[in-house]
Number of protein chains: 2
Amino acid sequence: MGDYRRPDVLVSTEWVDQHRSDPNIRLVEVDVDTTAYEKGHIPGAVGWNWQKDLWDPSRRDIVTKEAFERLCSRSGIGNDTTVVLYGDNNNWFAAWAFWQFRIYGHDESLLKLMNGGRVKWLEENRPMTTEVPTYPERPYKAKDPDYSIRSFFDNVAEAIRTGAAILVDVRSPQEYVGDLLAPPGLPEGVPVRGGHIPGAVNIPWASAVREDGTFKTFDELKALYEGKGVTPDKPVIAYCRIGERSSHTWFVLKYLLGYPDVRNYDGSWTEWANRVGAPAKVGPEP
Amino acid sequence: MGDYRRPDVLVSTEWVDQHRSDPNIRLVEVDVDTTAYEKGHIPGAVGWNWQKDLWDPSRRDIVTKEAFERLCSRSGIGNDTTVVLYGDNNNWFAAWAFWQFRIYGHDESLLKLMNGGRVKWLEENRPMTTEVPTYPERPYKAKDPDYSIRSFFDNVAEAIRTGAAILVDVRSPQEYVGDLLAPPGLPEGVPVRGGHIPGAVNIPWASAVREDGTFKTFDELKALYEGKGVTPDKPVIAYCRIGERSSHTWFVLKYLLGYPDVRNYDGSWTEWANRVGAPAKVGPEP
């Protein structure tokens, strides 16, 4: 992992296998498929359901500070615990959880993503269990939310008006041009129209990973994003459909490439497309 | 139609049959099923496609003033033309067109909805044709949009904060409580969450019509809405999923019952539900 700007935020499956019994480390699995954890997970890992534990449908928002504190407490996570996140679909929601840990101020040096995620662990035939562990509750004190890594609708509207930030649409090219309203197999949250936020560059999240699910090298990632005009000299706002794939790109730009100002627009296309008066573009950018 | 506050905005199928060749009258069909018009329509009627002619996906908005003027012009509609609107699904999109005519200032006394809509016409075995008429272009001058009959997101947020307006959710009870995300058979525009705007009263649009598609009497309608607390002494905001069913209720409250301040929130549930931070309630109101 040597060349990344913050190589310490990534750990390998091998490292996790060696440290998974360390009491100062808590493994957390977060999946797109919310039934995956109960079918099998890394021994000792707790399972978080993104829809119940990391999302509040009563406000269409990230969970409150109080709910996040309760979630950590009941998972045996204290403010000094090293949290290792992993999940299916190339860590989409593991990255989403990482982003929320940062919003609520968990120390950066105590947060890790397992490179390659659940799939790589399975392909390497490492130990799995269906046993759900329990840990003694620990007090957890979250900080007030740090929204310097989050964009809201108005911030994005301002960004396209002023051109002060670079917008990256990390969905598939078919979603970007307006032919598809959601990735295949995911029917919920279909917006009323297709297309993208005018001026956004399309760099699908998957461009950042190899076939085995691990991240590309620093040089490959730098060439990919800079080659499309996504440079570190301006703020960058990433979005997708509901904000989870863009957490993945947020992680890449913020930690692997070390861009100073990267924000996840978690309202993403579902919020933007359904908003009366919000401009959208169909087809490719010129 | 005698007891309604503005009985002149409704015409019967019989009246339309007698007046359909009057050169001062233009019949306009607007359907949910955008293929219905070409399969057959009232002789002389022009067909408007709501998705292309009355909606602008590049802004998720009603059409611009200029586009509305072009639409009327090419349909042979002048500012002095009497426009009779009708369509399928109990005039959902005919009411939507009526609402846009009012936003762009077409004289109220020159706007009519055909009571019972397309279905009633068909059931009475009145003449149908597949012939598409053409009319000489007429100059049409729209007024600047009158938004006193439209609510935007911020108006609704303000209304639930202050309690200054009555919110009416006109979707089905299943959509209202959060069990369904869209009416059956209409997959596009599925919001990321179910439920309703807190405090909204659920009075499905269909409560206002009889089995044959015509409107209930003044007394029946008054009992229905006032019985649920929707009274004329406060502003009323109606919403549904994308704003067309609520146009129907807007028409009922504004013209048949004569409420002084009725607005259509056309962003409706698709906008509200997808908005980060917007409160929502699942299940019945207390």
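These legends go with close-up views of a predicted model. Residues are numbered from 1 along each chain as its sequence is written, and chains are lettered from A in the order in which they are written. Local features need pLDDT of at least 70, side-chain atom pairs count only at pLDDT 80 or more, totals for chains, interfaces and linings use all residues, and side-chain values use heavy atoms, without hydrogens and water.

View 1. Helices (H or I, at least four residues) and strands (E, at least two) are DSSP runs, numbered from the N terminus. Along α9 (residues 218-227), look for A:Phe218, A:Leu221 and A:Tyr225, which are buried (under 20% relative accessible area; exposed is over 50%, partly exposed in between, with a 1.4 Å probe and protein chains only). Down the axis of α9(A), the buried residues fall within an arc of 65°, so they line one face of the helix; the arc is that of the directions from the helix axis to the C-beta atoms. On the other side, A:Asp219, A:Ala223 and A:Gly227 are exposed. Just after α9(A) comes A:Gly229, with a positive phi of about 85°.

**View 2. An open sheet in chain B.** Here five strands, in the order β1-β5-β4-β2-β3, pair in parallel (pairing needs at least two DSSP bridges between two strands). At the edges stand β1 (10-11) and β3 (46-49), each with a single partner strand, so one side of each has no neighbour in the sheet. Four bridges join β2 (residues 25-31) to β3(B), and B:Asp31 has B:Asn49 as its bridge partner.
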